[in-house]
Amino acid sequence: MELNFRNDIKKWLDSTEKLDPIPTTFCPNLKTDSNEKIKAVIFDIYGTLLISSSGDIDQASLNTENMRTAMEAGGFDLSACKEDTCNFLLNQLQEQVKKQHQELKAQGHPYPDVDIFKVWQRMFEAAQNKGFFKLSGNESRADTIMVFELLSNRVYPMPGMKEVLLEIKKMGLPIGIVSNAQFYTPIIMNYFLTGEFSTKQHIEMFHEDLSVYSFNELRAKPDTALFDKFIPVLNSKYNIEPSETIFVGNDMLKDVYTASKAGLRTVLFAGDERSLRLRENDDRVKGLFPDFIINDLKQLLNILA
């Protein structure tokens, strides 16, 4: 994917405000009855490796001020905009996401994720058709979408994120990702890991062939198809079974249930009240327990030791 950024996105990333996790009352469980050695680690991102101010990528705070700032960053001429332009766009954002979900479900995706560029393009076209503004063709959707995300869902590394990943890498264990994410997620992660802005869609320190993002598949967790994509590679290239692999995530349904269903062992990350999702009213997780519970990423190293 070629990302056409026209502004200094690093400037926006540099202005990221620090977030601290909100502690939970969960006690860690670092022991298991299994004698099977752990040979690979797969992570969720939002709420696990990254603190998310909204708790999840899907729950960003939508407001007109953020929309206007993002559009200005993307090079939109808003001088002739009507007062309710941004309100219309926010409504369209939700409508277009809903519409694309319906289209993908009709194609057999039970838990769809959107092509965010298509969503925003449809939004802008709808606004232009209503006479809210005229598109010049020089606007940058990449800038607009990313700035809107940075403003609407502030994120910051979970304490110990980089250190833990470096230690796992030193152990020689393959590290992967299965995350509900968008194109800006690898950019944000690489910035927090390296301090540099890069449009690479692969995250440093993770094995690319073990990394699966919902925006590439147009499928989101709890769809096990995301896990099915990397498990054959895990076996054929690394000679590792799913049962020798742990998945670390903060959501009992999207992470623990889905990874368990795919045959992986699971670690529930209960380190931030914002993002901990127990899903107690969902029948799919009733009677389901993670293999491990941690409330600090560094505890993962004790599990792997």
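**Close-up views of a predicted model**

**View 1. Strand β1 pairs with strand β4.** Strand β1 (residues 40-43) and strand β4 (residues 175-179) run parallel and are joined by three bridges. Here I42 stands opposite G176 in β4. Strands (E, at least two residues) and helices (H or I, at least four) are DSSP runs, numbered from the N terminus. Two strands pair if DSSP finds at least two bridges between them. The model is predicted: local features need pLDDT of at least 70, side-chain atom pairs count only at pLDDT 80 or more, and totals for chains, interfaces and linings use all residues. Residues are numbered from 1 along each chain as its sequence is written, and side-chain values use heavy atoms, leaving out hydrogens and water.

**View 2. Six strands form an open sheet.** The order is β5-β4-β1-β6-β7-β8, with parallel pairing. β5 (211-213) and β8 (292-294) stand at the edges with a single partner strand each, so one side of each has no neighbour in the sheet. From one strand to the next, the twist averages 20°.

**View 3. Helix α6 packs against helix α7.** α6 (residues 161-170) and α7 (residues 184-194) pack at an angle of about 85°, their axes 10 Å apart. Axes are lines fitted to C-alpha atoms, for helices over the stretch in contact, and angles run from 0 to 180 degrees between N-to-C directions. The two helices α6 and α7 are therefore roughly perpendicular (65 to 115 degrees; under 35 is roughly parallel, over 145 roughly antiparallel, the rest oblique). M161, K162 and L165 of α6 make the contact with M189, F192 and L193 of α7 (heavy atoms within 4.5 Å).
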